Amino acid sequence: MLAATPPMAPRRILPADLPPDSAFARRLVAHRPTARVTVDHDGSPVDAVAGEPLAVALLGAGTLTLARSVKYHRPRGAMCLRGDCDGCLVRLDGVPNVMACQTPVRAGMVVQSQNAFPTAGLDVLRVTDWFFPKHLDHHHLLVQFGGALNRTMQVFARRMAGLGTLPDAVAALPRAELVTVDALVVGAGSSGVACANAIARGGASVLLVDEREGPGGTRRDDPTDDAAYPGCDPAVTARYGAGAVATYEDETLLLHDGRGVSVRARARVFATGCRESVGTFPQNDVPGVFTARACALALCHGVLCGERVVVVGDGPFARALVAALGARVTHAPGAAVVEALGGRAVRGATLREGARTWRVKCDALVIDGEDSAAYELAGQAGARVLWSDGRRCFVPESDADGATNYTGVYVTGSLRWGRRAPDARARDGALTGARVLRDLEGR
Amino acid sequence: MTAKAMLCRCEDVTLDEVMEALDAGHHDIESVKRYTGFGTGWCQGKQCVVDCARLLAQVTGRAPEMPITPRPPLHPVPLGVLASLGGDEEG
């Protein structure tokens, strides 16, 4: 149906472009929404597909730069597409600091770049970046001046820095909803779904939430995974597009459709998985540098994040990208990035492998680097968080079943173990779910 | 000229700046955070805390201690949503 309409942006991949027997083609046909709409970005119309993440739609149109950074006014664009980086905050319909990667496209959206004077593409305040080639230590610089000079500097700093401007209008919000359940499971990946199912089948009430548009977690972002996701038990209440943003004592705050939902639960299970990072190298923040998962996520919506894509690393997402795209991408599995090249957007990179150093040209530098446990909510909930030498990240401490040191707080799946096969994650989720049930009955 | 390696993208804190903090004797995440301001942007350290911890582990040869407490909210939340939680509840 889409193929019959005029072609979309060059970075769009249509099922018709792919060999029909590939898993990626089957997945694209099965999962792709089809309603084409237009959104406005800084006065230009952008062709998009309703329901896809706004940041993915903008990428599909070749729009990389969405904002400027707060201090040096360096260009910023989406990097992780998972709500972890600072790249895709935009002003949406007059409201500042909206995460474009977490916002589904609707027809007629008005999207504006932030923090840029006059525009995100050309920002005169970028001179700050050039004046201070190493860095500008404003914390220790500003306190050295006294009186009037300090006040002048503060006014200048306030104009120069900051994140967005106030909304156009005060929005009237409906009162937050209050929900009380026996157990809340945060994260609807393989382990979270299995955990919620185990709790529900034991007769306890359970709410399963995920900020994504549906279940599947990591599997949603694998372009070569065209198998169906395991379903939820009918007794599980699931809410998608509902991200947990804070947790305190027995109460957890969700953002669902722009409104607050306060969940009281005796047991809180965190199945929040892992985060991806590109690592720290010169110019790692230039638009066009992506995590491999971000590139894979966009690809699952039929958007290739560049026209000349270089994939660095040999993790599961890099391998999935190469399996899905073949010769359309250049793969450097054993390489490390020395430096990204380019000012306003990536135009290449210096790579290194062993004693060999070489340069590549690209408009998308895709890196499958080290992942790390998404421990933040479990830590907020009270779980003790320790450094893992093996995984080189912080991990909530848990017993064999996933119970933490804090009563009523559990962790399960990739958060505990790092990436494992989906069925191993599901087994872990079921194990933790059984423990939650026993503890609920015992208390 | 501007080949900065960004450790904390939200607050524009460079690797160079963090190395300077280490040279000044700040060898734990909390002190590096207080010295450079890294991890205090809207992502609340989701990206940069682990990158900083890996750097500390490499430089000091020790396992980093407890991370800074990840403060709520995990994502930007409109103030109106917080206001809508209401004041008539025990809280």
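Biologist: Quick one: is the crossing of α7(A) and α8(A) left-handed or right-handed?

Modeller: α7(A) crosses α8(A) in the left-handed sense (the near helix is turned anticlockwise from the far one by less than a right angle; clockwise would be right-handed). Bear in mind that this is a predicted model, where local features need pLDDT of at least 70, side-chain atom pairs count only at pLDDT 80 or more, and totals for chains, interfaces and linings use all residues. Residues are numbered from 1 along each chain as its sequence is written, chains are lettered from A and ligands numbered from 1 in the order in which they are written.

Biologist: And what are the angle and the axis distance for α7(A) and α8(A)?

Modeller: Helix α7(A), residues 292–300, and helix α8(A), residues 316–325, cross at roughly 40°, with axes coming within 8 Å. Axes are lines fitted to C-alpha atoms, for helices over the stretch in contact, and angles run from 0 to 180 degrees between N-to-C directions. The pair is therefore oblique (under 35 degrees is roughly parallel, over 145 roughly antiparallel, 65 to 115 roughly perpendicular, the rest oblique).

Biologist: Which residues make that contact?

Modeller: From α7(A), A:Ala292, A:Arg293, A:Cys295, A:Ala296 and A:Leu299; from α8(A), A:Phe317, A:Ala318, A:Ala320, A:Leu321 and A:Ala324. Contact is C-beta atoms, placed from the backbone, within 7 Å. Helices (H or I, at least four residues) and strands (E, at least two) are DSSP runs, numbered from the N terminus.

Biologist: What do those two helices sit on?

Modeller: An open four-stranded sheet with parallel pairing, in the order β15-β21-β16-β17 of chain A; strands pair if DSSP finds at least two bridges between them. Its edges are β15(A) (289–291) and β17(A) (329–332), and the twist averages 25° from one strand to the next. α7(A) touches β15, β16 and β21 of chain A, and its direction makes about 85° with that of β15(A). α8(A) lies across β16, β17 and β21 of chain A, at about 145° to β17(A).

Biologist: How many bridges join β15(A) to β21(A)?

Modeller: Three, and the two strands run parallel. A:Thr291 is opposite A:Ile367 of β21(A).

Biologist: Switching topic: what's the strand order in the five-stranded sheet?

Modeller: β2-β1-β7-β5-β6 in chain A, open, with mixed pairing. β2(A) (44–49) and β6(A) (95–99) are the edge strands. β1(A), residues 36–41, pairs antiparallel with β2(A) over six bridges, and A:Val37 faces A:Ala48 of β2(A).

Biologist: Now the chains. How many residues of chain B contact chain A?

Modeller: 43 residues of chain B, in contact with 51 of chain A. α3(B) gives the most to the side of chain B that touches chain A, with five residues.

Biologist: Which residues of α3(B) are buried?

Modeller: B:Cys48, B:Val49, B:Val50, B:Asp51, B:Cys52, B:Ala53 and B:Leu56 (buried means 20 or more other C-beta atoms within 10 Å of a residue's own, exposed 12 or fewer, partly exposed in between). These buried residues pack against β22, β23 and β24 of chain A, together with β1, α1 and α2 of chain B.

Biologist: Last one: how do α1(B) and α2(B) pack?

Modeller: At an angle of about 120°, axes 10 Å apart. That makes α1(B) oblique to α2(B), and this crossing is right-handed. B:Glu17, B:Val18 and B:Ala21 of α1(B) meet B:Val32, B:Tyr35 and B:Thr36 of α2(B).
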